[in-house]
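Let us take a walk through this chain together, going from the overall fold to a few local details. Please keep the sequence and the 3D view side by side.

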Amino acid sequence: MTDLEDMSLETAKSALLLRLRHVSEASMCAQWYGALEYIVWDRLGRGPSRFGQLLLGEDLLAELAALAQRAGGWFVFAWDADEPEFIALADWLPRYEDWLRAVPEADRPRDR
């Protein structure tokens, strides 16, 4: 990864989307696994863990977090959309909190 300070916002967004797609493909063999954005964000706060077939290690999690910070947002995939949509962190964080309240801990994907 290039130095984030020198990376444009658009480049950071593109890199973030590519990395999230990679996580989805490598972990669940899906272009965009359902609730990927929530699951990965949840793992950012919990540290390294296995997600499907992929180990979300410290380096990958740090890269995703840094890209999100640099880009100023996160990608979400609406059920009726063709592509993931980038939203500002200020809009993403309440969505994530809503997800945490709506999905009981027991129903969230567990580390393997």
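This is a predicted model: local features need pLDDT of at least 70, side-chain atom pairs count only at pLDDT 80 or more; totals for chains, interfaces and linings use all residues.

Residues are numbered from 1 along each chain as its sequence is written, and side-chain values use heavy atoms, with hydrogens and water left out.

The chain holds 4 helices and 4 strands, where helices (H or I, at least four residues) and strands (E, at least two) are DSSP runs numbered from the N terminus. If you follow the sequence, they come in the pattern α-α-β-β-α-β-β-α.

How does the overall shape look? The C-alpha trace spans about 40 × 25 × 25 Å along its principal axes. The radius of gyration, taken over C-alpha atoms, is 13 Å, which agrees with the value near 13 Å for a compact globule of 112 residues; that rule is 2.2 Å times the number of residues to the power 0.38. Of the 112 residues, 40% are buried, meaning under 20% relative accessible area, whereas exposed means over 50% and partly exposed lies in between (1.4 Å probe, protein chains only). Among contacts with a separation of 6 or more, 56% join residues 24 or more positions apart, a contact being heavy atoms within 4.5 Å.

Now find helix α1 (residues 9-28) and helix α3 (residues 58-71), whose axes come within 8 Å and cross at roughly 145 degrees. Axes here are lines fitted to C-alpha atoms, for helices over the stretch in contact, and angles run from 0 to 180 degrees between N-to-C directions. On the α1 side, the contact is made by L9, A12, K13, A15, L16, R19, L20 and V23, and on the α3 side by L60, E63, L64, L67, A68, R70 and A71. These residues divide into 11 nonpolar, no polar and 4 charged; Ala, Val, Leu, Ile, Met, Phe, Trp, Tyr, Cys and Pro count as nonpolar, Asp, Glu, Lys and Arg as charged, and the others, Gly among them, as polar.

Finally, look at the loop between α1 and α2 (36-46), where C29 is found. C29 is not a glycine, yet has a positive phi of about 55 degrees. Is C29 buried or exposed? C29 counts as exposed, because its relative accessibility is 57%. A35 sits in the loop between α1 and α2, and this non-glycine residue has a positive phi of about 70 degrees. With a relative accessible area of 29%, A35 is partly exposed.
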